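Have a look at the picture first, and then read on.

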Amino acid sequence: MTNRNTFCKAERLCSHKVIEALFAGGNKSFSAYPIRAIYMPIDLNEGSGKQGAAVQLLISVSKRHFKHAVDRNRVKRQIRESYRLNKHSLLSSLPEGKGLALSFIWLSDEHFPTDVIEEKVKKLLNKLEETINAEQS
RNA sequence: GCAGUAGGACGGCUUGUCGCUGGUUCACCUUCGGGUGGGCGAGAGGAAAGUCCGGGCAGCAAAGGGUACUCCGCUUCUUAAUGGGAAGGAGGCCGUGAGGCUUGGUUCAUGCAGAAGAAAAUAACCGCCUGUUGGCGUUAGCGUUUACGCUGUCGUUUUCAGGUAAGGGUGAGAAGGUAAGGCAAGAGCUUACCAGACGUGUGGUGACACGCGUGCUGUGCAUACCGGAGGCUGAAAGUUCAUGUAUACCGGCGAACAAACGAGAGGGCGACCCGCCCGAGCCGGAGGGUAGAACGAUGGAGACGUAUGGUGACAUACGUUCUGGAUAAAUGACAGGCAUCCGUUCUUCGGACGGAUACAGAACCCGGCUUAUAGGCUUACUGCUUUU
């Protein structure tokens, strides 16, 4: 099976409920500057009707860090591309029927080159994978 | 050629790999809602920004009158409309110039304007001038015994009466300004020029301009008055479907049950007065559910071209043409090539290397305004300079 590097609607975190639960507190987080990751396990089977993807991602860049919409969009796009190209390892390590709500939060006031951001995203995804594997065993 | 003024239009192109959001078509799957995959084609701006005006649209029953309130205020035109735009007019300021900036309804009535100033409006404190009372000096004449007295001249001082707005530390503003004549001294007292007001004639749709006449002439602010505009909210408006279901229960008020007359709780038309409207439920207690989807929502005062009218903004007619539509929010990421500009260097045709390519991202839709903006393009005009 060849992995396709997609990032469609189902892979985005859109539900108000899940987002509120994610940011309500008590969920684990770690950071690789300038990005902080927050995640929460979700059960894919309980949702009725249509199903989302196994991992749903939210990218957040605050107005506090970048005043102009152009700068915020630039950072979001960089992070999204990094995730899109490196997500498969994480997806394959997830057990059947278990999902993940994940958010990346930008922490810096400055722009970074795309290759640096990709390194950081890779680092975060690896750590996430390790954590999940440790919880399972 | 250099520097500048006022507009106008543009504001990167392209290849590859991997993606995102709509549209359309084909295949497959389907719980008939749709889903997956392939093909084709589309996918940010001149400001998308600020949210400063205006309009459409939607809801408030309809969106009525007056008052109040808020905003606007040179003229004419233009636009769906505005505080926008075009053409024009007056005053002030800046620039050698092309041009730029700025101000504007009325002043009949009422009030205020200092611990400044002589005085803040039918102005005499000082000053200036005339007359007058007394003193002193001067000198001329007369009386007379050298002294002195009387009358007068001139100067100075003083008392009183009057004239006078040329000058006086102030102030935003000082009795229109400047000059000459005039006068005892002065004054629109007279004259010339200039600024304004009023009347009048001519020109202009008009703001105004020009001519003539009348010596008619203090400033600022507030109230007031005149003309015009405005009902409120704002797409998180609002409509439908799905899920869930309960106005189930308690208290108070009331209609209907009943054809007409009548009565009507409780609300609404932003404030007040009028004039009205809705109405079978409403208010309080206690308590339950959703937070998903579709519509709204993208073809419109649309864009471009031509013709006609108009100085112009713009209008009319005809023709051509137009799939961005997201919603924790698509329109991209990376790599290369080209173009333009800048720097360094070799060289002085040109090449190499390095760097830069702005401001900035639709959120219901339009029309304006304002602000940000690398870089070059273009039209008209101005100043300086060179050549002929």
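How many helices and strands does chain A have? Chain A has four helices and four strands, where helices (H or I, at least four residues) and strands (E, at least two) are DSSP runs, numbered from the N terminus. Going along the sequence, the pattern reads α-β-β-β-α-α-β-α.

A quick word on the ground rules. This is a predicted model, in which local features need pLDDT of at least 70 and side-chain atom pairs count only at pLDDT 80 or more, while totals for chains, interfaces and linings use all residues. Residues are numbered from 1 along each chain as its sequence is written, chains are lettered from A and ligands numbered from 1 in the order in which they are written, and side-chain values use heavy atoms, with hydrogens and water left out.

**The chain as a whole**

Of the 137 residues in chain A, 36% are buried (buried means under 20% relative accessible area, exposed over 50%, partly exposed in between, with a 1.4 Å probe and protein chains only). Take the contacts (heavy atoms within 4.5 Å) between residues at least 6 apart in sequence: 80% of them join residues at least 24 apart.

**Helix H2**

H2 covers residues 69–86, and its 18 residues reach 26 Å from first C-alpha to last, close to the 26 Å expected at 1.5 Å a residue (the expected span is 1.5 Å times one less than the number of residues). Its buried residues are Arg72, Val75, Gln78, Ile79, Ser82, Tyr83 and Asn86. Seen down the helix axis, these fall within an arc of 130°, so they line one face of H2; the arc is that of the directions from the axis to the C-beta atoms.

**The core and Trp106**

The largest nonpolar core has 25 residues, and Leu102, Phe104, Trp106 and Leu128 touch the most other members. Such a core is a set of buried Ala, Val, Leu, Ile, Met, Phe, Trp, Tyr and Cys residues joined through side-chain atoms within 4.5 Å. Helix H4 gives the most to this core, with six residues.

| Residue | Relative accessible area | State |
|---|---|---|
| Trp106 | 1% | buried |
| Phe112 | 22% | partly exposed |
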